[in-house]
Every structure is written in structure tokens, then in C-alpha cells.
Amino acid sequence: MAKSAVTIKDVAREANVSVATVSRALNGHDNVAAPVRALVLEVAKRLRYSPHAAARSLSSRSTQTVGLVLPDLYGEFFSELMRGIDGVASAHRRHLLVSSYHGEQKQQGAVLQAMRGRVDGLLVLSPYAGDPDFLIDNLPPALPTVLINTPLADAHYPVFSIDDHAGALSMTRHLLDAGHRRIAFIAGPVHNHDAQQRLQGFRAAMAAFDGKVEAIELPGNFDEASGHQAGLALLARSSLPDAVFAANDMMALGCLYAFSQAGVKVPAQIALAGYDDIPLARFVHPALTTMQVSIAELGERAMLQLVQMIDNDQTQAAPAVTLVPTLVVRDSTVAGDVSAPGDRPG
């Protein structure tokens with residue numbers, strides 16, 4: 001017969017304290033003397049006691065869990081975002097329940113509703129939410145929720161976002177100021193809000209330039225493969241543009257690989273820039289000029305806001321927070337010696 005699971009009563013009996021004292025010690029309450037807490041923790045560890053999560057949730061009305069809903073889990077952007085979120089969650093003794101709807105808006109509602117009753121709060125990144133009522137219709141009104149990079153028309157939820165329009169504007173102006181007049185732009189997914197803002201920023205900078213310029217737009221999907229395909233498409237043209245601006249670093253790296261395969265030198269023959277400043281951007285050759293988005297910081301600040309809302313039993317929105325990307329100039333857009341990668345002021 002299988003041995004029955006160790007209960008909180010077993011820990012209390014072994015430590016010679018009350019069940020309430022064991023509960024307070026294990027939950028980190030301040031009203032437990034340090035020697036008693038140490039004894040309870042030692043006994044619980046020795047007996048291999050594991051608190052029953054469902055029972056704790058019912059008694060405390062808290063799951064100590066936060067839901068994180070993302071359009072995808074692939075790529076360094078999401079890895080960095082989750083790194084920032086997880087650091088804050090760990091510091092505040094919260095667990096993360098992560099789910100993806102694979103970039104398909106139809107699955108978003110089911111994923112959001114599946115979080116009901118399982119989490120104390122939600123972090124949602126939803127760049128595909130074209131209908132401002134969609135999230136409101138699918139999120140429980142009493143559940144603390146923070147949105148990341150989500151185009152919501154009202155202030156029902158706090159939103160932490162990146163000013164992608166300004167970022168793309170800055171990068172395009174950098175390329176124009178460097179003397180490039182024929183600039184290709186590798187776009188992101190058509191229905192992605194971030195991609196739309198970056199494309200509009202590129203177009204605005206090109207349209208505002210006082211001189212003759214040529215803008216070449218190519219489709220992309222925010223991954224290396226689509227960047228590589230865009231690079232091949234540019235190589236198939238009768239002449240190369242002066243520069244390429246990819247709407248994210250992953251596509252820029254795919255494009256760089258296509259140029260490398262063809263023997264086209266960056267930046268001697270063509271300049272190349274990306275967006276996001278993922279960790280890999282500075283370690284490729286040549287190091288990639290990009291817009292530095294503090295991805296981990298974005299996750300940290302959003303998670304801190306959510307923890308504050310949960311702890312204060314708050315569901316009303318805080319003021320929206322918008323982070324402005326910083327231009328980081330590296331060797332991929334600077335003609336000349338590209339032997340030593342490094343950042344230069346934008």
C-alpha cells in the first residue's frame with residue numbers, strides 16, 4: 001500500500017507547535033519567532049511536506065500565481081520579456097502560469113478565459129487586438145490586469161508600451177543622415193500593432209526628408225527566415241539599395257546571412273539596421289545597429305505594477321507608461337573598419 005502524503009498536521013505534531021503556527025511560518029508571516037520558523041522549515045523539509053496548493057488557495061483566496069499571456073514564446077524578444085517578468089515574480093514569491101495563443105486572435109479569448117480562477121492577476125501582450133472591446137469582453141472585470149504593447153483605445157487597464165513610431169522614425173533618419181537615399185524596409189506581420197507603428201515611422205521619415213529618396217518595402221514575419229527571404233529578394237534586384245532597415249533584429253540577422261552567403265559586404269556595400277537590440281545583435285559580425293528597447297525592463301515594470309495592484313486589491317488603471325527606444329549605432333551602418341564591434345552614440 002502506498003504511503004499516505006505528509007500533512008500539515010504531521011509537521012505540527014513533529015515540531016510540537018500548532019497547525020496555525022506551521023501555516024504562518026510556511027507562508028512567511030512576521031508574527032512567528034525566528035527559532036520557531038527555522039524549526040518548522042527544518043521539519044517540513046525533513047518530512048518532505050508539500051503544501052496543497054488548492055487548499056491554500058481556498059483558505060487565503062490567493063493562488064500566489066500570475067498569468068502571462070503572450071502571442072508566441074519563440075524568439076529573443078519574448079525570452080528577454082519573460083526574464084524581466086520572472087525576476088520580479090521570484091522576488092515577490094509569485095509563480096508564473098504562461099500561455100501562448102500562437103499569434104491567432106481567435107485563440108486569445110479561450111486562453112484568457114482559461115486563466116479565470118487560476119491566477120491572482122494577468123499580464124497580457126496582445127498586439128493583434130484590433131477591436132478595443134475584445135480584451136474587455138474576455139477579461140474578468142475584477143481581476144487585476146496589466147497590458148504590454150497592446151493598442152487599447154481607453155484607459156480601462158494600465159498599459160506599458162514602446163513608442164515604436166518614434167523608434168522607426170529615429171532609425172530611418174539615422175540612415176538618411178548617413179547619406180543613404182535608397183532604403184529598403186523589411187516589415188513585420190501585417191496585423192501586428194508594433195509592426196504597423198514601425199512601418200508608419202519609416203514612411204513618415206522618408207516622406208519628410210527634403211530630397212530625392214526611394215523607399216522599398218518588403219514583407220516579413222518577425223523571424224530570421226522572412227529576413228533571409230527579404231535579403232534574397234533584394235539580391236535578385238538589378239541593383240542593391242543603399243541600406244536596409246529591418247523591423248526587428250531577428251529579420252535583420254536573417255538578411256545579414258543572405259548577404260554573407262552572396263559575398264555582399266556590410267556595411268561597405270550596403271548598410272543594415274534592426275530594431276529591439278536583442279542580446280545577439282552586438283555579437284554578430286558586423287555588430288548590428290539597432291533601436292535599443294529595454295525589453296527586460298518593460299517586463300519588470302509591468303510585473304511590478306501588477307504586483308502592486310494585487311497587493312492593494314486594485315483593479316483600476318494606472319497612467320499608461322511609454323518607453324522610448326534609443327538609437328545604438330554599431331558597425332553594420334558605419335562604413336570603414338568593421339573589425340572591432342562596439343556601440344557608438346546615436
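**Notebook: sheet, helices and loops**

I started inside the sheet, where A184 stands opposite I216 in strand 7. The model I am reading is predicted.

Next I followed the pairing around that spot. Strand 6, residues 182-186, runs parallel to strand 7, and five bridges join the two. A reminder to myself: strands of a sheet pair through backbone hydrogen bonds, either parallel or antiparallel.

**Two helices**

I moved on to a helix pair. Two packed helices are described by the angle between their axes and the distance between the axes. For helix 8 (residues 164-177) and helix 9 (residues 193-208), I found that the axes come within 7 Å and cross at roughly 40°. Helix 8 is therefore oblique to helix 9. I also noted that the crossing of helix 8 and helix 9 is right-handed.

Which residues meet there? From helix 8 I listed D164, H165, A168, L169, T172, R173 and L176. On the helix 9 side I wrote down D194, Q197, R198, Q200, G201, F202, A204, A205 and M206. Sorted by class, the contact of helix 8 with helix 9 has seven nonpolar, five polar and four charged residues.

**Loops and backbone**

I checked the prolines for cis peptide bonds. One joins V266 and P267, with omega about 5°. P267 sits in the loop between helix 11 (249-261) and strand 9. Another cis peptide bond joins H285 and P286, and here omega is about -5°. I placed P286 in the loop between strand 9 and strand 10 (290-292).

N16 lies in the loop between helix 1 (8-15) and helix 2 (19-26).

**Confidence**

The chain has a mean pLDDT of 85, and 85% of its residues reach 70 or more. Over residues 336-342 the pLDDT is below 50, and in the model this stretch has 15 contacts beyond near neighbours in sequence. Where pLDDT is low, the predicted coordinates should not be read in detail.

Conventions:
Residues numbered from 1 in each chain as written. Predicted model: local features only at pLDDT ≥ 70, side-chain atom pairs only at ≥ 80, totals over all residues. Heavy atoms only, no water. pLDDT = per-residue confidence, 0-100. Contact = heavy atoms within 4.5 Å. Axes fitted to C-alpha atoms, helices over the stretch in contact; angles between N-to-C directions. Helix = DSSP H or I, 4+ residues; strand = E, 2+ residues; numbered from the N terminus. Parallel < 35°, antiparallel > 145°, perpendicular 65-115°, else oblique. Left-handed = near helix turned anticlockwise from the far one by under 90°. Nonpolar A, V, L, I, M, F, W, Y, C, P; charged D, E, K, R; others polar. Pairing = 2+ DSSP bridges.
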